[in-house]
Amino acid sequence: VFQDELFPKTKRFSKFVPVLYLIAFLFLIFSIVDVLSGKEMVKSEQKMNNVMFLLDVSNSMNAEDIKPSRLEEAKNIVINALPQMGNDRIGVVVFAGEASSIMPLTTDISAAETYLAGIETSIIRNQGTDFLKAVETAVIKFKNVPKGARQIIMLSDGEDNEGNAKAAISLAKKEGIAITTIGVGTMEGGPVPEYFYGQLMGYKTNLLGETVISKLESDALKEIASSTGGQYIEGNNLDSAISSLVNHLKNKNGSTSVMVESQNAIHYYQYFLAVALLLFFIIYIFNPKRDLNF
């Protein structure tokens, strides 16, 4: 009855109408459910720096010639620079008379901020300042990174208690590591607080009972930077140090290219919808009773 109402039986086209309606509605349903949607893998190349932060945690970093302390200033420089480092991989090594990796290379900035916030000078029992052991620990963590794509950011007051700065330079050059140093402290220096379970017990003294004044030793830090292709940055002004560090990393060529895979959604509903609309249009055009509401 539906077909007879729309088309006279004398019309040859009328016998195709039910089929066209069925096909049109099927394609319309397919467009709604997007039946052939899927995903495709897309590979893209990204460049990233591989940066190991070496943080001096010797007792002299407790000196308060930089407020609130040298160590807190160094931590703040790193923490505030991290969000501006994009997709760079970062790691953290702490050192004094010995060195320890507290975080391997990762892109997890939140984890790095958490680790850095909890660092204290008491984290390393063997005190002193050994640049060589710090670099040796970084080399181990760089084992899967090509030479020439390895960068170290060393934050220290520069006191080379062990006299291993030149050995550290030799190792860095051998391993293709550029070391950028950030000097934290003043030339005038300040006394070194001594804490016991978080309580200030006094200030470090020498054998004569005189208060020790710890000063920034920038010469060693500058030599390490210039000899390994890095840069020396003055770390006493927080904003300036962060800006210099970030600009240095952005302009540094020691980055690696990695292939990153991602999934993109693919949709075909528009093709089904187009076919359905075309079929409905054909039915309308060839309908001899277009004045009917159907």
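Reader: What makes the crossing in which H3 passes H8 right-handed?

Author: H3 passes H8 in the right-handed way. Bear in mind that this is a predicted model, where local features need pLDDT of at least 70, side-chain atom pairs count only at pLDDT 80 or more, and totals for chains, interfaces and linings use all residues. Residues are numbered from 1 along each chain as its sequence is written, and side-chain values use heavy atoms, with hydrogens and water left out.

Reader: Why is H3 called oblique to H8?

Author: H3 and H8 (residues 238-251) pack at about 50°, their axes 9 Å apart. The axes are lines fitted to C-alpha atoms, for helices over the stretch in contact, with angles from 0 to 180 degrees between N-to-C directions. Under 35 degrees is roughly parallel, over 145 roughly antiparallel, 65 to 115 roughly perpendicular, and the rest oblique. That angle therefore leaves H3 oblique to H8.

Reader: Which residues make that contact?

Author: H3 brings Glu-73, Asn-76, Ile-77, Asn-80 and Ala-81, and H8 brings Leu-238, Ala-241, Ile-242, Leu-245 and Val-246. Contact here means heavy atoms within 4.5 Å. Sorted by class, that's seven nonpolar, two polar and one charged. Nonpolar covers Ala, Val, Leu, Ile, Met, Phe, Trp, Tyr, Cys and Pro; charged covers Asp, Glu, Lys and Arg; the others, Gly among them, are polar.

Reader: How do you know whether H2 runs roughly parallel or antiparallel to H9?

Author: Helix H2 (residues 17-33) and helix H9 (residues 269-285) pack at about 155°, with axes 8 Å apart. That angle makes H2 roughly antiparallel to H9. Their crossing is left-handed. Among the residues in contact are Leu-20, Phe-27 and Ser-31 of H2, plus Tyr-269, Phe-272 and Ile-283 of H9. The contact divides into 16 nonpolar, one polar and no charged residues.

Reader: And what does the angle say about H6 and H7?

Author: Helix H6 (residues 165-174) and helix H7 (residues 218-228) pack at about 20°, with axes 10 Å apart. The two are therefore roughly parallel to each other. H6 passes H7 in a right-handed crossing. Lys-166 and Lys-173 of H6 are among the contact residues, as is Glu-223 of H7. By class this contact has four nonpolar, two polar and three charged residues.

Reader: What makes something a pocket here?

Author: On a 1 Å grid over the protein atoms alone, a pocket is an open set of points with protein on both sides within 12 Å along at least five of seven lines, and lining residues have an atom within 4 Å of a point. The largest pocket has a volume of about 450 Å³, volume being the space filled by probe spheres set on the points. It is lined by 18 residues, with Asn-59, Asn-62, Thr-121, Ser-122 and Tyr-195 nearest its centre.

Reader: Which element gives the most to that lining?

Author: E7 does, with three residues. The lining of the largest pocket has six nonpolar, seven polar and five charged residues.

Reader: How does the second largest pocket divide by class?

Author: Its lining has three nonpolar, eight polar and three charged residues. The volume of this second largest pocket is about 200 Å³, and of its 14 lining residues, Asn-59, Ser-60, Glu-159, Asn-161 and Lys-204 are closest to the centre.

Definitions and conventions
Helices (H or I, at least four residues) and strands (E, at least two) are DSSP runs, numbered from the N terminus. A crossing is left-handed if the near helix is turned anticlockwise from the far one by less than a right angle, and right-handed if clockwise. On a 1 Å grid over the protein atoms alone, a cavity is a set of points where a 1.4 Å probe fits but cannot get out, and a pocket is an open set with protein on both sides within 12 Å along at least five of seven lines; lining residues have an atom within 4 Å of a point.
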